Amino acid sequence: FLMIRRPPRSTRKESSAASDVYKRQIDNISNSFNQLLQKFNAQQNYLETLTVQDALTGITNRRGLEAFAKDIVLGWHKEQKGFSAMMIDVDHFKAFNDQYGHLEGDNALVAVAKSLAEQVSTYEAIVSRYGGEEFCIIFSECDPNIIRPIAEKICRAIEQLHMPNKIGNRQWVTVSIGVLVVNGEVSNATQYSFSDVLQQADEQLYLAKQAGRNTVKLQCFTQ
């Protein structure tokens, strides 16, 4: 007679071991996927941060400022929430670059940005580099009697950094500041945009330059 041998049946122990191996493989795949997903999300967050962060100074850039301003203006239009805008320009910055070089110019901008952030750290405010040697700060505060002293304090703080920039009778790097205070109860506020606010703040900055620099000019929003 021809005897046919059946293949040996797997024991429960062997089946359990195989199952454990399979589970471990699935767990490893799952862990690897989760790690990749976390890494991807971290990279996405990093890239999103880069889009609103100034590469040189580390503070918010113009794009970030404009994104933030959307909420500020929405609060102004719908809830009559006032705010203030400061346009800040480093005085005689071209002369500084010409005399000390662009590397020192970059270092000066970093120092100015750091000082600005320090001066407003106790207020509800966002500091941004608007472009070149120009900065912008948005405050939730709209009382001129509070905002003006802050701007004047910023002027003193920048000068006290004692970064040499000998122009005329000046010894140090200074800034000029134009401030616009926006009252929450402006009539027909919805017809005005953030650009309108910055335009009036920029006009005050021009007046500060005309007044001899290293000074503050402030105005309430006009229609």
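**Burial, backbone and helix packing**

Trainee: Does aspartate 54 count as buried or exposed?
Mentor: Here the cut-offs are on relative accessible area with a 1.4 Å probe, protein chains only: under 20% is buried, over 50% exposed, and in between partly exposed. Aspartate 54 comes out at 11% relative accessibility, so this residue counts as buried.

Trainee: What pLDDT do local features need in this predicted model?
Mentor: Residue numbers run from 1 along each chain as its sequence is written, and side-chain values use heavy atoms, with hydrogens and water left out. The model is predicted, so side-chain atom pairs count only at pLDDT 80 or more, totals for chains, interfaces and linings use all residues, and local features need a pLDDT of at least 70.

Trainee: How many helices and strands does the chain have?
Mentor: Both are DSSP runs numbered from the N terminus, with helices being H or I over at least four residues and strands being E over at least two. Along the sequence they read α-α-β-α-α-β-β-α-β-β-β-α-β. The count is 6 helices and 7 strands.

Trainee: Back to aspartate 54: which side chain does its side chain join in a polar contact?
Mentor: Aspartate 54 is in the loop between helix 1 (12-52) and helix 2 (62-79). A polar contact is a pair of N or O atoms within 3.5 Å; within protein, one must be able to donate a hydrogen and the other to accept it, and sequence-adjacent residues count only if both atoms are side-chain atoms. At 2.7 Å, the partner is threonine 57.

Trainee: And which residues does aspartate 54 touch, leaving out those up to four places away in sequence?
Mentor: Contact means heavy atoms within 4.5 Å. With that cut-off, aspartate 54 touches Ile59, Thr60, Asn61 and Arg129.

Trainee: What is phi of histidine 92 near?
Mentor: Most residues other than glycine have a negative phi. Histidine 92, in the loop between strand 1 (83-90) and helix 3 (93-100), is partly exposed because its relative accessibility is 29%. Its phi is positive, near 50°.

Trainee: What about phi of arginine 213?
Mentor: Arginine 213 lies in the loop between helix 6 (194-210) and strand 7 (216-220). At 29% relative accessibility, arginine 213 counts as partly exposed. Its phi is also a positive value, near 70°.

Trainee: How far apart are the axes of helix 3 and helix 4?
Mentor: Axes are lines fitted to C-alpha atoms, for helices over the stretch in contact, with angles from 0 to 180 degrees between N-to-C directions. Helix 3 and helix 4 pack at about 135°, with axes separated by 7 Å.

Trainee: Which residues of helix 4 meet helix 5?
Mentor: Helix 4 (residues 102-119) and helix 5 (residues 144-159) pack at about 140°, with axes 10 Å apart. That makes helix 4 oblique to helix 5, because angles under 35 degrees count as roughly parallel, over 145 as roughly antiparallel, 65 to 115 as roughly perpendicular and the rest as oblique. On the helix 5 side, the residues are Lys153, Ile154, Ala157 and Ile158, and helix 4 brings Val112, Ser115, Leu116 and Gln119.

Trainee: What is the C-alpha separation of lysine 78 and glycine 184?
Mentor: Lysine 78 lies in helix 2 and is exposed, with a relative accessible area of 64%. Lysine 78 and glycine 184 are 106 residues apart along the chain, yet their C-alpha atoms are separated by 9.7 Å.
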